[in-house]
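User: I am new to this structure and would like to know what stands behind the terms used for it. Please go through them one at a time.

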Amino acid sequence: MSFINTLRDRWHTADTLVCVGLDPEPAKFPARFANDPDAVFTFCRDIADATAEFACAFKPQIAHFAALGAEDALQRLVAHLRQAHPSVPVILDAKRGDIGSTAQHYAAEAFKRYGAHAVTANPYLGRDSVQPFLDHADRGVVILCRTSNPGAADLQDLPVRGADGRERPLYQHVAETIARDWNGHGNCALVVGATWPEQLREVRAIVGSGMPLLVPGVGAQGGDAEAVVRNARSEDGTGLMVSSSRAILYASSADDYAQAAATAARSLRDTINRARGA
């Protein structure tokens, strides 16, 4: 199945909207990994295996692996996820965006080298910088719209006059452009931070129920999972990948790290599902 169909199937069959972020920071690993040369792979594998039943997607962050020279661990991790948990799609969090010829290589990196089902992308170089990703109709392209960081407003909130003469924030223009013009294969999703619930509501109104939203910022960044669901769920109560990384990964620094991660993922799933039923 395509990324979007796999994701939708997962929402319904597993009854979860939790996206488990995989952002390895060895300094936060339990002491047992201190002398393990394969610690990055082993830790992330253990977390993924423990949380898979509560996950609608996994989201490894490429910079966390690349900074450690652990690209091989990332490749093996994605291969493991695809084999051990084939119903849970993998989103490579890379935020790629470059001129078309370079973007073709970034698309090959995400989809061929790493084997991800989807990749995050930056739209600010325009459509030609994202087109090589969009051309992979069976893969997902998760495009930055209104990010969760404090400085997001510096550019994303700037007023922009559209073709109809209306002024509105740039992120709203991005949402409309992607939904209207870039989503010809139906493989687009948008990144909108949990720290901006009102903007989540506005983006959902612009793109409608059909487009998934990846929502980072729940947990360590302070986003409210219940507010996310109230403002951004689709008509059938799904439509979201509510992402949590540090709060799940580092729920314990002891030998029960995997069990603690599973408990944190289950708790987030249950919180979200209570809000969905409210």
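Predicted model: local features only at pLDDT ≥ 70, side-chain atom pairs only at ≥ 80, totals over all residues.

User: How do you know whether the radius of gyration agrees with a compact globule?
Analyst: For 278 residues, a compact globule would have a radius of gyration near 19 Å. The chain has 18 Å, so the value agrees with that expectation.

User: What makes up the chain in terms of helices and strands?
Analyst: The chain holds 12 helices and 10 strands.

User: What makes both faces of strand β4 count as covered?
Analyst: Buried means under 20% relative accessible area. In β4, residues 118-121, A118 and T120 on one side are buried, and so are V119 and A121 on the other. Across the chain, buried residues make up 55% of the 278 residues.

User: How do you know that β3 and β4 pair?
Analyst: Two strands pair if there are at least two bridges between them. Strand β3 (residues 91-96) and β4 have three bridges, in the parallel sense, so they meet the rule. L92 stands opposite V119 in β4. From β3 the chain crosses through helix α5 (residues 100-113) to β4, in a right-handed β-α-β crossover.

User: Why are β4 and β5 called a pair?
Analyst: Four bridges join β4 to strand β5 (residues 140-146), and the rule asks for at least two, so they pair. The two strands run parallel. V119 stands opposite V141 in β5. Between β4 and β5 the chain crosses through helix α6 (residues 127-134), and this β-α-β crossover is right-handed.

Terms used: Residues numbered from 1 in each chain as written. Heavy atoms only, no water. Buried < 20%, exposed > 50% of the residue type's maximum accessible area, 1.4 Å probe, protein only. Right-handed = clockwise from strand over helix to strand, strands pointing away. Rg over C-alpha atoms; globule rule 2.2 N^0.38 Å.
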